[in-house]
Every structure is written in structure tokens, then in C-alpha cells.
Amino acid sequence: MGLLTGKLLGHHKYQHSFLTGLLIPKGPGTSVNEYNGVGVDHWYRARSHYHGKRNPWIFLGLFFALRILFDSRECFRYVTKHMRREKHGHRDIAAEKVDAGPEENTRLMKEYAMAHPEVDAVGVTRMTDEYRYEGIEEGNQYPWIIVVARAMKYDEIAKNLEGDFSRVLTQVIGGYERSQKAAVDVSNWIRERGFYARGYGGLTKRSTEFHLTIPPAIAAGIGQLGKNGSMISDKMGSAFRLATILTDMEFVADKPREIGVEEFCVSCKKCTEDCPPGALNDEKVMVRGTRKWYVDFEKCMPYLAEHKACGICLTTCPWSRPGIAPSLSQKMLKKMARRADAATS
Ligand code: SF4
Ligand code: SF4
């Protein structure tokens, strides 16, 4: 056992480092999986473990964050840019409203977003309690949430399959910074039209409006949830980052899209096999009233913290290989259609 990095003792048998062992909280009330509602068969609002005051994993989280910031100048730069933009990047809201109506607002906003160099996909949906963390009420006044997605460079992140996690780290942190730039720019486009809008990225520290991103992204048609606990898109596979915009401009909501992810994931075991600490599962888990794919945080987080990144489950996913996702989606949709036809004939 090393001081900072543990070792793999066998398939899915990961022994964490001495320091991680000290930082992992122990005892009653320290299980993040319990805190996340694993095994609970009724719905309640999600709790934020990154911003909550009762976070017993805070020391491991800080250890992780400090290692990233001290070890990678590039990441330090991304985080600083993200923070500065969050604080100073939003323009004043124009005094006069320019409202083209929901359909035209949607068309123009998407046209602007898709022309942005840091956007590969955009969708919009209504903000609901499902996307708001428990105890965070301030964001309730904004009825819409726009989601923008930015692809990461596969060749860079795939270095993690060779044991080099430095490139995936800069792609993840850089991806958060780039998608946040897009979100703030889209917000400013809305603000210039006299409506409230604020862009959020994955590194946000603005806890008062902190919200979930994957559920609204699914509702907005960006992609579907994969067995690896991340989203899969029919354009970018599983290698992308999300950022959001809360706003009161009126839009037409997008719909969730069937792209064949579930059909593929039920018979694929690539990510569950390849996850070093065995944090992924081939069976869905009940989480706050919904059976879904779930990442065991208590196995994933120590591994992430020790290696300063991981993302093996993103790169190993067949959907993430460049150029594969669109055709894979078509193939799965055809397979599903054939089965539906056979069932009705
Ligand atoms: S990030 Fe790494 S440790 Fe976490 S679930 Fe994915 S493969 Fe497993
Ligand atoms: S690796 Fe396979 S099972 Fe895992 S998310 Fe990708 S398609 Fe689904």
C-alpha cells in the first residue's frame, strides 16, 4: 500500500492508499450511497454532497481538489477562468424585453448556441423540483433550464486506458470550463433580450442555485443514461461535459429521445468489467424511488482522488469511439423496431 496511491490486488479488488484510508469517513451516517438514497423506494429531492454542510467526505474531496490544483497548472487555469467568469461574466439584463414568442425564442437561442465553438449539442426543458437539490430554493423562480454539451477529445482522454490520467483530467476540467463559457455566452444572449439568465458549469461554487444536470439533459433530449452512470449521446458517445442555464425566457420544451442506449447497455459489460475498483454494476439499483444505473461513489471516489482522475468508464464505452455513436444508435433503433414489429405481427 502506497502513501498516496493504492494498488489493484485483482479484478475489482482495489486497496486504497494509507492516506486515503485515513480520509475515508467511517461509522454511522457517513455512507454517501445511503445519503444518495440507494435502496430507498420513494422519491424525495436529491441532496448535494458537494455543497452540503453535512458532507463527511469533504476531506477526501478537498484532498482530491488540492492535488488537481497543485499538480496541474492547466487545470488551475481552467478553474480560475471558470470562477472569474461565474463572478464577472454575466452582462446586465437589458431594460427592454425582446420577446419573439416561445417557438422563435427556441429557434434563435438554439441557432446561437449551435454556432458557438464550445457547443456540440443543446436542449431545453422546464425546470422542476426533480432537478433541484433539497434545501436549495432560490433557483425556483426560473422556470426553464437550457443544457449545453461539449465533447471531450477522445484521443486525449483515452490515454487513461494506458494508465495516464493527466490528459483525461485536463479534458474533464477543461471541458467544464469550455461548456461553462458557452453557458455564460448563451445567458448573455438572453440577458441582452431583457430576460434573466445565468450560466452554470461543472465547477460552480454558487451553491444557492446548484442543481442536477444529467436529469434535465435527458429530458432535453441530449442523450440517455448509460450503465456507466454517465450520459450517452448519439453524437458524442459518453465523452462530453454539460453546462446549464437557468432562465425565465419562454421556450418550447424538447422531449427525451430514445437513441437505443438501454438496448445496448443491458447486454454490454465493458464498463463494469473495466472499472478498476468495481464501482459499476450490471444490475440497476433503486435510488430514491427509481431503478437506475448507479455508480458506487464509495468505490469510485477514492480511486478518482488517488489518480487525480479516472474516466475509464467513459473511454472504454463503445459509444465513445469517434464516429461510432450515430451508427450504433441507428442500429439499436432498428433492432428495437424489428422486435416491436415481431411482437405485433
Ligand atoms: S470513473 Fe473510474 S472508478 Fe469511477 S466508475 Fe468510472 S471507471 Fe470506475
Ligand atoms: S460500456 Fe457498455 S454497458 Fe457501459 S455504458 Fe457503455 S454501452 Fe453501456
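The shell around ligand 2 in this predicted model is made up, by residue class, of seven nonpolar, three polar and two charged residues. Beyond that site, the points below take up a contact between helices H5 and H7, a nonpolar core of 79 residues, the largely enclosed helix H11, and the positive phi values of His-12 and Lys-308.

**Surroundings of ligand 2**

- The residues around ligand 2 include the cysteines Cys-265, Cys-268, Cys-271 and Cys-317, together with Gly-226, Lys-227, Asn-228, Phe-264, Lys-270, Thr-316, Pro-318 and Trp-319.
- Two helices, H9 (261-265) and H10 (270-274), each contribute at least two residues to this shell.

**Helices H5 and H7**

- The axes of helix H5 (residues 102-115) and helix H7 (residues 166-191) approach within 10 Å and cross at roughly 145°, and the crossing of H5 with H7 is right-handed.
- On the H5 side the contact is formed by Met-109, Tyr-112 and Ala-113, which meet Ala-182, Val-186 and Trp-189 of H7; by class, this contact has six nonpolar residues, with no polar and no charged ones.

**The largest nonpolar core**

- The largest nonpolar core has 79 residues, and those with the most contacts inside it are Ile-146, Val-147, Val-148 and Val-186; H7 gives the most to this core, with 10 residues.
- Leaving aside residues up to four places away in sequence, Val-147 touches Val-122, Gly-123, Thr-213, Pro-216, Ala-217, Ala-220, Ile-222, Leu-242 and Thr-244.

**Helix H11**

- Helix H11 (residues 297-307) is largely enclosed by the rest of the structure, because eight of its 11 residues are buried.
- The buried residues of H11 are Cys-300, Met-301, Pro-302, Tyr-303, Leu-304, Ala-305, Glu-306 and His-307, and the elements against which the buried residues of H11 pack are strand S2 (13-15), helix H1 (18-23) and helix H3 (58-71).

- Most residues other than glycine have a negative phi.
- Lys-308, which comes just after H11, has a positive phi near 65° although it is a residue other than glycine, and it is found in the loop between H11 and helix H12 (312-315); with 19 other C-beta atoms within 10 Å, Lys-308 is partly exposed, since a residue is buried if that number is 20 or more.
- His-12 likewise is not a glycine and has a positive phi of about 65°; His-12 lies in the loop between strand S1 (7-10) and S2, and with 16 C-beta neighbours inside 10 Å, His-12 counts as partly exposed.

Notes. Residues are numbered from 1 along each chain as its sequence is written. Chains are lettered from A and ligands numbered from 1 in the order in which they are written. This is a predicted model: local features need pLDDT of at least 70, side-chain atom pairs count only at pLDDT 80 or more; totals for chains, interfaces and linings use all residues. A residue is near a molecule or strand if its C-beta atom, placed from the backbone, lies within 6 Å of it. Helices (H or I, at least four residues) and strands (E, at least two) are DSSP runs, numbered from the N terminus. Ala, Val, Leu, Ile, Met, Phe, Trp, Tyr, Cys and Pro count as nonpolar, Asp, Glu, Lys and Arg as charged, and the others, Gly among them, as polar. Axes are lines fitted to C-alpha atoms, for helices over the stretch in contact, and angles run from 0 to 180 degrees between N-to-C directions. A crossing is left-handed if the near helix is turned anticlockwise from the far one by less than a right angle, and right-handed if clockwise. Two residues are in contact if their C-beta atoms, placed from the backbone, lie within 7 Å. A residue is buried if 20 or more other C-beta atoms lie within 10 Å of its own, exposed if 12 or fewer, and partly exposed in between; C-beta atoms are placed from the backbone. A nonpolar core is a set of buried Ala, Val, Leu, Ile, Met, Phe, Trp, Tyr and Cys residues joined through C-beta atoms within 7 Å.
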